[in-house]
Amino acid sequence: MNRLITRPALALTAGVAVVSLAACGAGSGGGGASASGNKAVTVALNSDAAPSGYDPQLYSQGQFTFFSSMYDALFVTGADGKAAPSLVTDFKNNAANTQLTLTLKDGVTFTDGSKLDSTLVKKNLDQRSNPKLLINGTLGKGGTQEIKDVAAPDPKTVVITWAQPQASGQDALADTSGIIVGANAVEKRDSLATAPDGSGPYTLDTGKTTKGSTYQVVKNAKAWSAKDWAFDTIVYKVITDPQALANAVVSGQADVAWQLDQTTVALVDSKQKTTKVGGVIVGFPVFDKLGKTNPAFKDPNVRLALSYGTDRQAIVKDLHPASKATAQLFPSGSSGFDEALNTTYAYQPEKAKQLLATAGYPNLSIDLTIGGQPTADELAIQNQWKKIGVTLKFVTATSTDQVFAAAVTQPLGFGPFSVGSNPAGFVAGVVVGGFANLQKASDPAIQGALGKALGASGAAQTSALKDLNAAITNSGWYIPVYEDFTYAGYNASKVAAPSWAGTNNYLVLQALKASS
């Protein structure tokens, strides 16, 4: 199963990820010298890094592994999972956590020759109203991390005013969400379709780049962060076939392969090394909480019946032995995870039938749009739900429009969701404020806990996250099945073990070093 990372502004619907954003390219001639004799590293990725061009805001957070080589962000998530300043030298909240003041770095120049200053940052953040961009779903109007205003009182200072208190606003400005593009790109966003405009440590070598196949970037020695990156050249090569991706790192043609299919992990481990991270939850986002597409879904007991009627342990045992069964949206390594929820919502088919009968739906039919043939997971769940009186019907999409429309025409979807190390941000951008809630349904327990989680820190935030996790589970807004792991393979004779961005399923490319 390819790992797919959602973009809040788009719909990831019904068994099909509309936009495959979790992985990128691979390179040729792994790890050896580049044509100019400089050190090079080859990174093989399982999907196109830039299918819609070089505007990073058209993609998900996970694309930062690729775009971080050409662009800088206000903050960057490190291996410890924390957002650290990058284009920012200092930041502070006001007492009410309603304003975040940033002090910008000096000496940052973009590809187009423009310089980093507060006016440029403001113009970037003001594009949160653009519905095509990633930040629209999180920082835009109506988002639970909505920015109310951005001020530039002097060239080095940016003052962000939030619509609601944000104790950790830097998380909302990290990685892809926090990328700043040059002045030309701000004015003519479409120009990024053909060329990057960033301040990152590398520039795109167009002569050695073939879109959809190979991307090569070369070190810009004048970039402010150039010294912090180990390699002079990075080659990305797109290898979509899982076996070919594994073979690339096994044979030494690639130094790093991300993301490996679980069926090839054993092969790579036998010849090279692998590293993994959790944080991907596979399950059903419930699109319809109001009963607009299927009246039964207005009743939370119906949604909970589907949770009780899912034998997660059997699915993991039979189909995904390397995964973990889970009944909650929050990953096991994240703050707010509560093992007790897995016990509460363990497989109880009789209880599921009772809830359906009480709700008046002892026999229920549900449509689920899929992109082709149903997966083994979908077929297994179809059989399990049949035992509680639920008929799961697969609807094969005949067009992209039909796939997108499923978020408003059908009650639920199915797929992998990269919740990562910031589950509150995922809830804000996807579950409450994004494609999984296009009906704009509200739940007081979810809204209250989310507001507290975003506006608090320390022990208070941990408590609020636990409440938020429970509220989502208890409401049946999300029906998880298992927690999956993302794998990367690497050639230990060429590179040190790659680092993950906390429990996010993307790599910290800046931390990649040659093996000692």
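## The largest pocket

The largest pocket in this predicted model is lined by 47 residues. Asp171, Ser421, Asn422, Pro423 and Gly425 lie nearest its centre. A pocket here is an open set of points on a 1 Å grid over the protein atoms alone, where a 1.4 Å probe fits, with protein on both sides within 12 Å along at least five of seven lines; lining residues have an atom within 4 Å of a point. The largest share, 6 residues, comes from α13. Helices are DSSP runs of H or I with at least four residues, strands are runs of E with at least two, and numbering starts at the N terminus.

The volume of the largest pocket is about 1000 Å³. By class, its lining has 15 nonpolar, 28 polar and 4 charged residues.

## A buried strand

Strand β13 covers residues 256-260. Is it buried or exposed? 5 of its 5 residues are buried, so β13 is largely enclosed by the rest of the structure. Buried means under 20% relative accessible area, exposed means over 50%, and partly exposed lies in between (1.4 Å probe, protein chains only).

Leucine 45 stands opposite tryptophan 258 in β13.

## Salt bridges

The whole structure holds 7 salt bridges. Each is a side-chain nitrogen of Lys or Arg within 4 Å of a carboxyl oxygen of Asp or Glu. Lysine 156 bonds this way with aspartate 106, with the closest N and O atoms 3.3 Å apart. The two sit in loops 50 residues apart: lysine 156 between β7 and β8, aspartate 106 between β6 and α2. Lysine 156 is partly exposed at 33%, and aspartate 106 is exposed at 53%.

Arginine 128 forms a salt bridge with aspartate 126, at 3.1 Å between the closest N and O atoms. Arginine 128 is buried at 12%, whereas aspartate 126 is partly exposed at 30%. Shared partners join Lys122, Asp126 and Arg128 into one network.

## How to read the values

Residues are numbered from 1 along each chain as its sequence is written, and side-chain values use heavy atoms, without hydrogens or water. In this predicted model, local features need pLDDT of at least 70 and side-chain atom pairs count only at pLDDT 80 or more, while totals for chains, interfaces and linings use all residues.

Note on methods: Points joined across faces, edges and corners; volume = space filled by probe spheres on them. Nonpolar A, V, L, I, M, F, W, Y, C, P; charged D, E, K, R; others polar. Pairing = 2+ DSSP bridges.
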